Amino acid sequence: MPLGKSGSRFTHPEVIDKKEAKKPWRYFTEGSITLVLWALWAYWFLPIVTLALWFFGVRIFYQTIFYEVTITELFKVLRNGMTVIFAIFIIQIIWIYHNYNIFRRRGERRKTITLSLDKDIAGYFNIDLALLEKAKQASRIEVTFKQDNKLIVNKYS
């Protein structure tokens with residue numbers, strides 16, 4: 001959305017990602033944790049695939065569970081599988097809580113906005129205070145900087 005009208009703004013703030021601000025150990029740590037969680041997820045998904053394959057060969061599943069192995073063995077496998085699923089669930093909850101805290105702190109940083117006075121803005125950009133006041137009253141302005149740091153402001157109503 002172009003900034004053609006007075007008071008119009010972008011609906012989403014621009015995300016600035018400074019890769020040089022992150023240390024190499026942080027990339028390694030975050031990548032390792034992500035890799036471990038993906039591996040755990042794949043390990044959790046494997047029994048579901050195996051069970052589905054067993055059900056495609058119903059006779060083999062039935063013979064394996066009821067003739068070669070007892071039903072208690074099936075319950076042991078299911079109990080161990082549920083233990084692994086529960087462990088993965090707990091790890092993911094901890095990871096989600098960790099990320100929630102990180103982004104919550106970032107949100108708190110962004111909430112503290114201090115308003116600058118016109119004289120502070122004029123002093124920072126090294127422009128005349130009267131020129132700034134005139135620009136604020138315009139519905140649309142065009143700002144041009146020349147080589148000699150001279151500021152040219154064209155006012156459009």
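**Figure 1. Residues around the second largest pocket.** In this predicted model, 15 residues line the second largest pocket, and those lying nearest its centre are Pro-47, Ile-48, Val-77, Leu-78 and Gly-81. Two elements each give two or more residues to this lining: helix H1, spanning 24-56, and helix H3, spanning 71-111. Which of them supplies the largest share of the lining? That is H3, with 8 residues. Sorted by class, the lining holds 12 nonpolar residues and 3 polar ones, with no charged residues. The space in the second largest pocket comes to about 450 Å³. As a reminder for this view, rolling a probe the size of a water molecule over the atoms shows where empty space is left.

Figure 2. The structure holds 3 aromatic pairs, and one of them joins Trp-38 and Trp-41 in an edge-to-face arrangement, at 5.9 Å centre to centre with 75° between the planes. Why does this pair count as edge-to-face? Because its planes are 75° apart, and the class takes in angles over 60 degrees. Along helix H1 the two residues are 3 apart, which puts about one helical turn between Trp-38 and Trp-41. Is Trp-38 buried or exposed? With 56% relative accessibility, Trp-38 counts as exposed. Trp-41, at 37%, counts as partly exposed.

Figure 3. A pair of aromatic rings is described by the distance of the centres and the angle of the planes. For Trp-41 and Phe-45, the centres are 5.3 Å apart and the planes meet at 5°, so this pair is stacked. Phe-45 has a relative accessible area of 37% and is partly exposed. Which residues do the ring pairs link into a cluster? They are Trp-38, Trp-41 and Phe-45.

Figure 4. Ile-33 has its place in helix H1.

**Figure 5. The loop residue Asn-126.** Where is Asn-126 found? Asn-126 sits in the loop between helix H4 (118-125) and helix H5 (129-137). Its backbone is worth a look: phi of Asn-126 is near 55°, a positive value in a residue other than glycine. Asn-126 is also exposed, with a relative accessible area of 70%.

**Figure 6. The whole chain, as a setting for the close-ups.** The chain has 5 helices and 2 strands, and read along the sequence they follow the pattern α-α-α-α-α-β-β. How much of the chain counts as buried? Of its 157 residues, 6% do. The chain exposes about 14,400 Å², and carbon and sulfur atoms supply 64% of that area. Turning to contacts between residues at least 6 apart in sequence, 23% join residues at least 24 apart.

Terms used
Residues are numbered from 1 along each chain as its sequence is written. This is a predicted model: local features need pLDDT of at least 70, side-chain atom pairs count only at pLDDT 80 or more; totals for chains, interfaces and linings use all residues. Side-chain values use heavy atoms; hydrogens and water are left out. On a 1 Å grid over the protein atoms alone, a cavity is a set of points where a 1.4 Å probe fits but cannot get out, and a pocket is an open set with protein on both sides within 12 Å along at least five of seven lines; lining residues have an atom within 4 Å of a point. Grid points are joined across faces, edges and corners, and a volume is the space filled by probe spheres set on the points. Helices (H or I, at least four residues) and strands (E, at least two) are DSSP runs, numbered from the N terminus. Ala, Val, Leu, Ile, Met, Phe, Trp, Tyr, Cys and Pro count as nonpolar, Asp, Glu, Lys and Arg as charged, and the others, Gly among them, as polar. Buried means under 20% relative accessible area, exposed over 50%, partly exposed in between (1.4 Å probe, protein chains only). Contact means heavy atoms within 4.5 Å. Accessible areas come from the Shrake-Rupley method with a 1.4 Å probe; for residues, only the protein chains shown count as cover. Rings of Phe, Tyr and Trp (its six-membered ring) pair if their centres lie within 6.5 Å; planes under 30 degrees apart count as stacked, over 60 as edge-to-face and the rest as tilted.
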